[in-house]
Amino acid sequence: MMPRPRQRACLQSGLRLNLNRLIRRGIIEPGAYSGREVTWTNADEQIASGLITADMSGPDEGWFRIQLGQLDQRINLVSQPRNFGGRQWYFICPSMGRRVSVLWMPPGAHEFACRQRWGRQVAYASQFLGRDDRALRGKEKIKSRLCSIGGFDPDEWDLPPKPKRMRWKTYNRAVEKFDHYEEILDLGSFERMGKLLRRK
């Protein structure tokens with residue numbers, strides 16, 4: 001299987017606003033007016049910086065503002081009650097009017113909007129990869145996540161053990177995915193071996 005030719009912009013090469021991550025990192029605060037300077041990096045190199053401010057002091061609605069170079073964009077926010085208490089905040093996509101947690105500004109774009117706004121102009125990085133490369137990437141993501149949570153040295157493990165405080169159900173799901181990626185890579189190896197033998 002050949003990877004798709006790179007005719008579309010890669011979303012991950014642009015900038016992303018993840019509302020839940022901004023809240024977790026304390027850059028914006030539900031129940032308050034807040035803001036901070038933020039930076040975007042790629043492979044430890046700063047690619048952009050700007051100022052984020054948000055008013056989330058109301059119970060149901062608020063606003064979010066991003067100032068980045070020539071861009072000065074204001075985005076509406078809404079919150080919805082969660083099933084087990086508390087509230088979940090969302091962006092309202094300025095272009096599509098959809099409730100979303102993540103907004104993107106792909107390379108060449110001049111505003112942030114939801115993934116659906118960019119349609120077939122963009123693709124995720126994994127869509128540019130072939131089957132085996134996607135499997136390798138998937139394995140590495142699982143390994144990296146488990147090592148990060150458990151404090152394991154990635155060089156010592158192919159598949160790290162269950163980190164403390166991680167539920168067995170969650171860990172077993174990660175193992176199943178990891179094994180699935182292994183099967184894909186094994187299949188790819190057999191296919192390559194078969195091609196080599198047919199050439200002889």
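Here is a friendly chat about the predicted model shown above.

In this predicted model, local features need pLDDT of at least 70 and side-chain atom pairs count only at pLDDT 80 or more, while totals for chains, interfaces and linings use all residues. Residues are numbered from 1 along each chain as its sequence is written, and side-chain values use heavy atoms, with hydrogens and water left out.

Me: How many helices and strands are in the protein chain?
Reply: Helices (H or I, at least four residues) and strands (E, at least two) are DSSP runs, numbered from the N terminus. Along the sequence they give the pattern β-β-α-β-β-β-β-β-β-β-α-β-α-α. The count is four helices and 10 strands.

Me: What percentage of the 200 residues is buried?
Reply: Buried means under 20% relative accessible area, exposed over 50% and partly exposed in between, with a 1.4 Å probe and protein chains only. By that cut-off, the buried share of the 200 residues is 36%.

Me: Which geometry do Phe-64 and Phe-91 show as an aromatic pair?
Reply: Rings of Phe, Tyr and Trp (its six-membered ring) pair if their centres lie within 6.5 Å; planes under 30 degrees apart count as stacked, over 60 as edge-to-face and the rest as tilted. Phe-64 is in strand 5 (residues 61-68) and Phe-91 in strand 7 (residues 87-92), so their pair ties together parts 27 residues apart in sequence. Both are buried. With 5.1 Å centre to centre and 90° between the planes, the geometry is edge-to-face.

Me: Which residue lies over the face of Trp-168?
Reply: A charge sits over a ring if NZ of Lys or CZ of Arg is within 6 Å of the ring centre and within 35 degrees of the ring normal. Elsewhere, the charged end of Arg-99 sits over the ring of Tyr-90, 5.2 Å from its centre. Over Trp-168, at 5.1 Å from the ring centre, lies Lys-162.

Me: Which residues does Ala-54 touch, not counting those up to four places away in sequence?
Reply: Ala-54 belongs to strand 4 (residues 45-55) and is buried, at 0% relative accessibility. Contact means heavy atoms within 4.5 Å. The residues touched are Ile-28, Ala-32, Tyr-33, Ser-34, Trp-63 and Phe-64.
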